[in-house]
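Please open the model in your viewer and keep the selection panel at hand. The stops below go from the whole chain to single side chains.

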Amino acid sequence: MPHSPDSGRTSAPAAASDSSDTTRERILAAGMEEFARHGIAGARVDRIAKLARTSKERVYAYFRGKEALYAGVAARELSVIAEATQIDPSDLPGYAGRLFDYYTARPDHHRLIAWGRLELAATAVTEPDPTRAAITRKLDQLRQAQQAGHLDPAWDPVDILALVNQIATTWADQPALTDAAAEHAADPTTAARRAAVVTAVEQLFPRAV
């Protein structure tokens, strides 16, 4: 069969694209580890580059600076959390339980988001804020549930979300208290802490019948 002069030419761009995507994913994964451990201010791009097996210049080719990289890491993490926990406004106790499970299994992921709340709140944010975008989406879902009669309309959605999130992350936010519970609680198990979280949310926002 005659050999076409164009045969094989599409493989090089595809390979280059795959390599580029892989490099970006390695940078995001390395950024996740670095930001969770050191925060935004304490993170170092040279360490991220080394962990990602690339150069600082390559990191900056994808992200303009540390805040841009953090925004990329946080956006990806928030997307993963949303998929794993799936807020259901008609069953907020179940949602709280899923959040508890997620952060109990991944305390480093909780630290990543907590660093952003602490550090970015005190500065003018120039990058798109994935946390605010995620909050806006959830507030819209809560309002729709209220309009459909699945959730008490007397509550402001921002208060609902704040209270549910705070209760669900009580133990992730207070590791010293978690240690104390293991020693002093009548039932020191993680299951007991989870049950308390779900019960507290249930009493505030009962499941829709």
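What follows is a tour in which each stop names a selection and then says what is there.

**Before selecting anything.** This is a predicted model, in which local features need pLDDT of at least 70 and side-chain atom pairs count only at pLDDT 80 or more, while totals for chains, interfaces and linings use all residues. Residues are numbered from 1 along each chain as its sequence is written, and side-chain values use heavy atoms, with hydrogens and water left out.

**The whole chain.** Show the chain as a cartoon, and you will find 11 helices and zero strands, where helices (H or I, at least four residues) and strands (E, at least two) are DSSP runs numbered from the N terminus. Of its 209 residues, 35% count as buried; buried means under 20% relative accessible area, exposed over 50%, and partly exposed in between, with a 1.4 Å probe and protein chains only. If you switch to a surface, the accessible area is about 12100 Å², with 55% of it belonging to carbon and sulfur atoms, as computed by the Shrake-Rupley method with a 1.4 Å probe. Among contacts with a separation of 6 or more, 65% are between residues 24 or more positions apart, a contact being heavy atoms within 4.5 Å.

**The second largest pocket.** Now select Tyr103, Trp171, Ala172, Pro175 and Thr178, which lie nearest the centre of the second largest pocket among its 19 lining residues. A pocket here is an open set of points on a 1 Å grid over the protein atoms alone, where a 1.4 Å probe fits, with protein on both sides within 12 Å along at least five of seven lines, and lining residues have an atom within 4 Å of a point. The elements giving two or more residues to this lining are H5, helix H6 (107-120), helix H9 (170-173), helix H10 (175-184) and helix H11 (190-204). The lining divides into 11 nonpolar, five polar and three charged residues, and the space in the pocket is about 400 Å³, a volume being the space filled by probe spheres set on the points.

**Thr169.** Next select Thr169, in the loop between helix H8 (157-168) and H9. Is Thr169 buried or exposed? Thr169 counts as buried, because its relative accessibility is 10%. Thr169 touches Tyr103 and His110, leaving aside residues up to four places away in sequence, and a polar atom of its side chain lies 2.7 Å from the backbone oxygen of Asn165.

**Asp91.** Move to Asp91, in the loop between helix H4 (66-85) and helix H5 (92-105). Its side chain makes a polar contact of 2.7 Å with the side chain of Arg207, where a polar contact is a pair of N or O atoms within 3.5 Å, one able to donate a hydrogen and the other to accept it, and residues adjacent in sequence count only if both atoms are side-chain atoms. A polar atom of the Asp91 side chain also lies 3.0 Å from the backbone nitrogen of Gly94.

Thr199 is partly exposed, at 41% relative accessible area, and its side chain has a polar atom 2.8 Å from the backbone oxygen of Ala195.

Definitions and conventions:
Ala, Val, Leu, Ile, Met, Phe, Trp, Tyr, Cys and Pro count as nonpolar, Asp, Glu, Lys and Arg as charged, and the others, Gly among them, as polar.
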